[in-house]
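Subject: Structure for you to look at

Hello,

Here is the structure I promised to pass on. Please open it alongside this note; my findings follow below.

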Amino acid sequence: QVQLVESGGGLVQPGGSLRLSCAASGRIFRLNSMGWFRQVPGKERELVATITSGSSPDYADSVKGRFTISRDNAKNTVYLQMDSLKPEDTAVYYCTADLNQDIFQRKNYWGQGTQVTVSS
């Protein structure tokens, strides 16, 4: 089995920073792209940022210049550094990983989510 465990969420004031982490564990043959999505009640889950196995990032327009995604392949971990946070960044943030458990089985996995609240 594969697990994605997120950490680093919490309450922060507008303009502040938070760093989310997501560690993948279990039977992993190859870890492909990883990413972060977020969701607020009543809205669809939206893409925040993704990063390829070669560490090429991509960002939603709403977070470009403020968020930075990175990964540590030795630790099977993806990070999301969030700076200049705004109240509209408030959401549950979900980690996702596209991985192979063997050469044939490729699947997308999700973490349990971590709450980020930006409020004064």
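The chain exposes about 6400 Å² of accessible area. Carbon and sulfur atoms supply 49% of that. Keep in mind throughout that this is a predicted model.

Part of the surface is a nonpolar patch. F29, I103 and F104 form it. Together these three residues have about 410 Å² of accessible area. F29 sits in the loop between β3 (18–26) and β4 (30–39). Is F29 buried, partly exposed or exposed? Its relative accessibility is 47%, so F29 counts as partly exposed. The cut-offs behind that call are under 20% for buried and over 50% for exposed.

Now the interior. Of the 120 residues in the chain, 41% count as buried. Two of the cysteines belong here. C22 is buried, with a relative accessible area of 0%. C95 also has 0% relative accessibility and counts as buried.

Those cysteines are bonded to each other. A disulfide joins C22 to C95, with an S to S distance of 2.1 Å. Where do the two ends lie? C22 is in strand β3, and C95 is in strand β9, which covers residues 91–100. The pair therefore ties together parts that are 73 residues apart in sequence. The torsion about the S-S bond of C22 and C95 is about -75°, so the disulfide is left-handed. How many disulfides does the whole structure hold? A search finds 1.

Note the link between the two topics. Strand β3 carries C22, and the loop between β3 and β4 carries F29.

On the fold as a whole: the chain has 11 strands and 0 helices. Read along the sequence, the pattern is β-β-β-β-β-β-β-β-β-β-β. The radius of gyration is 14 Å, close to the 14 Å that the globule rule gives for 120 residues, so the chain is as compact as a globular protein of that length. Along the principal axes, the C-alpha atoms fill a box of roughly 50 × 25 × 20 Å.

Best wishes

Terms used. Residues numbered from 1 in each chain as written. Predicted model: local features only at pLDDT ≥ 70, side-chain atom pairs only at ≥ 80, totals over all residues. Heavy atoms only, no water. Patch = residues over 30% accessible without salt bridge, like charges linked within 9 Å, V, L, I, M, F, W, Y side chains within 5 Å. Areas by Shrake-Rupley, 256 points an atom, 1.4 Å probe, with all protein chains shown as cover. Salt bridge = Lys/Arg side-chain N within 4 Å of Asp/Glu carboxyl O. Helix = DSSP H or I, 4+ residues; strand = E, 2+ residues; numbered from the N terminus. Buried < 20%, exposed > 50% of the residue type's maximum accessible area, 1.4 Å probe, protein only. Rg over C-alpha atoms; globule rule 2.2 N^0.38 Å. Disulfide = S-S within 2.5 Å.
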